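Here is a short report on a structure, from its fold to its charged side chains. Please read it alongside the model.

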Amino acid sequence: ELTKEEADKIAQEQELAQKNKQQSEEQRKKDNSLLATYSSVNEITKLKNFELNQINQSIKTQIGNITDLKDKISQSNDILSSNPNNKKVKETLQDLQSKLTTANSILDENKKLLEDRKQKYQNDEARYVELLKEMATKK
């Protein structure tokens, strides 16, 4: 007859073993997907460079949009300072400020995406090399 502590310990060990088995299975699926997706590290690097260039271009475009919006906001503020009761300019200013907030959010999302994708490709490259080494030593 097992004590409660012994039974708890066995249950914990079984749970841990099941978790490890699940993690190993998930890693095996990821590895198989990685090997099926790419034919070489060079292919991963090329795709990484292409995707990062696309994101960088999007960031540059967004920075240009933000600069334009800030210029337009400045011009609207200049007009308002000489004519503070101009409703149309006030509405335009609110619209521009709303667009600026959205543009800044998009810029922040693109910067985060850039970092996430860099990390993903670095991990893929490193894991791909590990898998190739493992396969070479099994031969």
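In what order do the elements of the protein chain run from the N terminus on? They run α-α-α. The protein chain has 3 helices and 0 strands; helices (H or I, at least four residues) and strands (E, at least two) are DSSP runs, numbered from the N terminus. The radius of gyration of the protein chain is 27 Å, well over the 14 Å that the globule rule gives for 139 residues, so the chain is more spread out than a compact globule. That radius is taken over C-alpha atoms, and the globule rule is 2.2 Å times the number of residues to the power 0.38.

This is a predicted model: local features need pLDDT of at least 70, side-chain atom pairs count only at pLDDT 80 or more, and totals for chains, interfaces and linings use all residues. Residues are numbered from 1 along each chain as its sequence is written, and side-chain values use heavy atoms, with hydrogens and water left out.

**Extent and surface**

The C-alpha trace spans about 90 × 50 × 15 Å along its principal axes. Buried residues make up 20% of the 139 residues. Buried means under 20% relative accessible area, exposed over 50%, and partly exposed in between (1.4 Å probe, protein chains only). Contacts are heavy atoms within 4.5 Å. Among contacts between residues at least 6 apart in sequence, 75% join residues at least 24 apart.

**Salt bridges**

The count comes to 11 salt bridges. Each is a side-chain nitrogen of Lys or Arg within 4 Å of a carboxyl oxygen of Asp or Glu. The table gives some of them.

| Pair | N to O distance | Helix |
|---|---|---|
| Lys 4 and Asp 8 | 3.0 Å | α1 (residues 4-37) |
| Glu 115 and Lys 118 | 3.6 Å | α3 (residues 87-138) |
| Glu 130 and Arg 127 | 2.7 Å | α3 |

Lys 4 and Asp 8 are 4 residues apart, about one helical turn. Lys 4 is exposed, at 59% relative accessible area; Asp 8 is partly exposed, at 38%.

Glu 115 and Lys 118 sit 3 residues apart, about one turn of the helix. Glu 115 is partly exposed at 47%, and Lys 118 is partly exposed at 32%.

Is Arg 127 buried or exposed? Arg 127 is buried, with a relative accessible area of 19%. Its partner Glu 130 is partly exposed, at 40%. Both belong to a network of salt bridges that also links Asp 31 and Glu 134.

**A charge over a ring**

Lys 120 lies over the face of Tyr 121, at 4.8 Å from the ring centre. The rule asks for NZ of Lys or CZ of Arg within 6 Å of the ring centre and within 35 degrees of the ring normal.
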